[in-house]
Amino acid sequence: MSDPVSSTPKRTWVEPVYKTVHHKEQGHYETQTQKVQKVKCNCGKLFDTSSAWKAHQDAFLKYMRENVDPNYTCKGDHLSHYVTVEESKQVYVVDKEAYDEKVLVKKGYWK
């Protein structure tokens, strides 16, 4: 009589096949408003820094001395003070982070 275990053909497992699918980040733009401090010149212009305002003032004095009066002195028209203003900007907001997904292409099977 033959041995049933030895007469059974050997079977081999064939591994499943997967592929990786990359999903890009998803999001949207929205307007955000924030309060910021600025330097405001008496002429009405706004500056992000006091050094930017100082450059503006120096340019004004140079212009006045070269084109109007060589002895011109500031009469307060280009003095400054700090003001708080609201600024709006478009900001990208992430709704869903990018991710990779393992997708089954072909099931594993016995061969």
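This is a predicted model: local features need pLDDT of at least 70, side-chain atom pairs count only at pLDDT 80 or more; totals for chains, interfaces and linings use all residues.
Residues are numbered from 1 along each chain as its sequence is written, and side-chain values use heavy atoms, with hydrogens and water left out.

**Overall layout**

I boxed the C-alpha atoms along the principal axes and got roughly 125 × 25 × 15 Å. I then listed the secondary structure and found two helices and seven strands, in the order α-β-β-β-β-α-β-β-β from the N terminus. These are DSSP runs numbered from the N terminus: helices are H or I with at least four residues, strands are E with at least two.

Next came contacts, meaning heavy atoms within 4.5 Å. Of those with a separation of 6 or more, 80% are between residues 24 or more positions apart.

**Surface and charge**

I got an accessible surface of about 9,200 Å², and carbon and sulfur atoms hold 52% of it. That area comes from the Shrake-Rupley method with a 1.4 Å probe. Buried residues are 14% of the 111; buried is under 20% relative accessible area, exposed is over 50%, and partly exposed is in between (1.4 Å probe, protein chains only).

I counted 18 positive and 15 negative side chains, with the centres of the two sets 7 Å apart. Lys and Arg are the positives and Asp and Glu the negatives, with His and the chain ends not counted. Each charge is placed at NZ of Lys, CZ of Arg, CG of Asp or CD of Glu.

**Salt bridges**

How many salt bridges does the structure hold? I found three, using a side-chain nitrogen of Lys or Arg within 4 Å of a carboxyl oxygen of Asp or Glu.

I started with aspartate 48 and lysine 38, whose side chains meet at 2.1 Å, N to O. Aspartate 48 is in the loop between strand 4 (46–47) and helix 2 (50–67), and lysine 38 is ten residues away in strand 3 (residues 26–41). Is lysine 38 buried or exposed? Lysine 38 is buried at 9% relative accessibility, while aspartate 48 is exposed at 59%.

Lysine 38 also pairs with glutamate 87, with the closest N and O atoms 2.7 Å apart. Glutamate 87 sits in strand 5 (residues 80–96) and lysine 38 in strand 3, so this bridge ties together parts 49 residues apart in sequence. I have glutamate 87 down as partly exposed, at 31%.

The other pair I checked is aspartate 58 with lysine 54, at 2.9 Å between the closest N and O atoms. Both are in helix 2, four residues apart, which means about one helical turn between them. Aspartate 58 is partly exposed at 37%, and lysine 54 is partly exposed at 38%. On the network side, shared partners join Lys38, Asp48 and Glu87.

**Lysine 45**

Beyond its neighbours within four places in sequence, lysine 45 touches Val39, Lys40 and His56. I also took the C-alpha to C-alpha distance to glycine 76: 14 Å in space, for 31 residues in sequence.
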